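The sequence and the structure come first.

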Amino acid sequence: MKKKPNIARQPKALIVISYLVLLALIVFRFLQYPHTVESSVQVDMPLGLLIDGISEFSIFAALALCVGLIIVNSFIINRLIEKYTISQVSTFLPLLMYMILACGILVPLASPSVWLASMLLIISSWEMIASFKRVHKFGNVFVSAFCLGIIPLLYSPGAALILMLPITLVLYERTVRE
């Protein structure tokens, strides 16, 4: 009987090559359409506009920052899945999945505030998952709520994520002191 190929256990060289190809596609998309905004929602929050001001100074500096944030986000999300055993096998596929998402996302590519908001959402998710593994959950819930609270200051569509904050209140047991 033939063994079925396991998609999660791919050679690391194949993953790295695919990762670099997707990263090159992101840079190619940016070089073809540097000022394209595909979405109808503009980054209009003051902190987001301040961070996006980098693109007015140097569009290539903004691209470098965005590509750096995309790389860091993909590695953080891969580590999140590995550390908390969301996947049963050790795999680098979350790196590729995040890169595919980054290639097709409908935001201004040279907008560092969008990718920074994405990083804050990933960190918030990390802390939320970490709070399930600990006895003292208040610190993790605080960091998670703090990261979620900063997101609307960077990117206005992130304001909908504030609705997740009341859900975090049920994660830890309250004492009289709290």
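In this predicted model, the crossing of helices α4 and α6 is left-handed. Helix α4 spans residues 59-83, and α6 spans residues 112-132. Their axes come within 9 Å and cross at roughly 15 degrees. Because angles under 35 degrees count as roughly parallel, α4 is roughly parallel to α6.

On the α4 side they are A62, L65, C66, L69, I70, V72, N73, I76, I77, R79, L80 and K83. On the α6 side they are P112, W115, L116, S118, M119, I122, W126 and I129. By class, this contact has 16 nonpolar, two polar and two charged residues.

Helix α6 also takes part in a pocket. The second largest pocket holds about 220 Å³ of space. Of the 15 residues that line this pocket, V114, A117, S118, L121 and Y155 are the closest to its centre. Both α5 (93-104) and α6 supply at least two residues of the lining. The largest share, five residues, comes from α6.

The table sets out the classes of residue at the two sites.

| Contact of α4 with α6 | 16 residues | two residues | two residues |

Note on methods. Residues numbered from 1 in each chain as written. Predicted model: local features only at pLDDT ≥ 70, side-chain atom pairs only at ≥ 80, totals over all residues. Heavy atoms only, no water. 1 Å grid on protein atoms, 1.4 Å probe; cavity = no way out; pocket = protein on both sides within 12 Å on 5 of 7 lines; lining within 4 Å. Points joined across faces, edges and corners; volume = space filled by probe spheres on them. Helix = DSSP H or I, 4+ residues; strand = E, 2+ residues; numbered from the N terminus. Axes fitted to C-alpha atoms, helices over the stretch in contact; angles between N-to-C directions. Parallel < 35°, antiparallel > 145°, perpendicular 65-115°, else oblique. Left-handed = near helix turned anticlockwise from the far one by under 90°. Contact = heavy atoms within 4.5 Å. Nonpolar A, V, L, I, M, F, W, Y, C, P; charged D, E, K, R; others polar.
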